[in-house]
Amino acid sequence: KCKMANKCLANLNNQVFRENAKFNVVKRYKNGGQILVSELVCKKDSDYKKLMQIARTFAKKGSKVELTPRMSRPPRTKYISYYIDLLSYKGGKYANKCPDLRIDGVWYEHEGFVTDKPRNAIKNMLNHGLKQSDRLILDNPHDNNRLIYRIKKKIEEGYDIEEVWLRDDNRVRLFYKNNKSQSK
């Protein structure tokens, strides 16, 4: 088969699927930043306000932020419409997952700090989040030493962590970035 024909077909499929993903523009900023929310996102979800805070933070800096839906057993074509690029990202490691946000084409997962056992909260947030994406936005656990220890531990265990951001009521800030990512 012709490589060029295969690439054209892949691009056409990607375009067709993307057109089936329905997003509503919620906010546009003068610098080009914008927030788009999938028509399938439930605004009554417990983390919706937090996701919107995150989206505003990045969009105010000029980023295109998309809030994507949770999909439990959706029709395959509907899933692919929103998450087609996850099927090949890092060898398909995150295929069939549903990260919360796509910021400038890059997937991020938000994990909230909700627990009865604060001692395990950081470990649990990392465990759950890394199943969805290698870029995490965590509710600030306010124990930076424990968090950096857990991140290093996960990396030693072979987990790929590109970025970790911390979110609290006032801001979202970068906490960790893989040095190899910075050189790309």
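Q: In what order do the 8 strands of the open sheet stand?
A: This is a predicted model, in which local features need pLDDT of at least 70 and side-chain atom pairs count only at pLDDT 80 or more, while totals for chains, interfaces and linings use all residues. Strands (E, at least two residues) and helices (H or I, at least four) are DSSP runs, numbered from the N terminus. The pairing in the sheet is mixed, where two strands pair if DSSP finds at least two bridges between them. The order of the strands is β1-β2-β3-β4-β5-β6-β7-β8.

Q: Which are the edge strands?
A: Residues are numbered from 1 along each chain as its sequence is written, and side-chain values use heavy atoms, with hydrogens and water left out. An edge strand here pairs on one side only. The two that do this are β1 (23-28) and β8 (172-177).

Q: By what angle are neighbouring strands of this sheet turned against each other on average?
A: The axes are lines fitted to C-alpha atoms, for helices over the stretch in contact, and angles run from 0 to 180 degrees between N-to-C directions. For this average over the sheet, direction is ignored. The value is 25°.

Q: How do the helices and strands of the protein chain run from the N terminus on?
A: The protein chain has 6 helices and 8 strands.

Q: Which residue in β2 stands opposite Lys 27?
A: Strands of a sheet pair through backbone hydrogen bonds, either parallel or antiparallel. β1 and β2 pair in the antiparallel sense, over 5 bridges. In β2, the residue opposite Lys 27 is Ile 35.

Q: How many of the 12 residues of α2 are buried?
A: Buried means under 20% relative accessible area, exposed over 50%, and partly exposed in between (1.4 Å probe, protein chains only). In α2 the buried residues include Tyr 48, Leu 51, Ile 54 and Phe 58. The helix is mostly covered, and the count is 9.

Q: How far apart are the end C-alpha atoms of α2?
A: The expected span of a helix is 1.5 Å times one less than its number of residues. For the 12 residues of α2 this gives 16 Å, and the distance in the model agrees. The end C-alpha atoms are apart by 16 Å.

Q: Which strands does helix α5 touch where it packs on the sheet?
A: α5 covers residues 144-156, and its direction makes about 45° with that of β8. A contact means heavy atoms within 4.5 Å. By contacts of this kind, α5 touches β6 (135-139), β7 (163-167) and β8.

Q: Is Pro 69 buried or exposed?
A: Pro 69 lies in the loop between β3 and α3 (76-83). Not counting residues up to four places away in sequence, Pro 69 touches Ser 38, Leu 40, Val 41, Tyr 82, Tyr 83 and Cys 98. Its C-alpha atom is 7.1 Å from that of Asp 100, 31 residues away along the chain. The relative accessible area of Pro 69 is 0%, which means that Pro 69 is buried.

Q: Which residue in the turn of the hairpin of β4 and β5 has a positive phi?
A: β4 and β5 pair in the antiparallel sense over 3 bridges, with Arg 102 opposite Trp 107. The hairpin has 2 residues between the strands.

Q: Which residue in β6 stands opposite Glu 111?
A: β5 (106-111) is mostly covered, with 5 of its 6 residues buried. β5 and β6 run parallel and are joined by 3 bridges. Opposite Glu 111 stands Leu 138.
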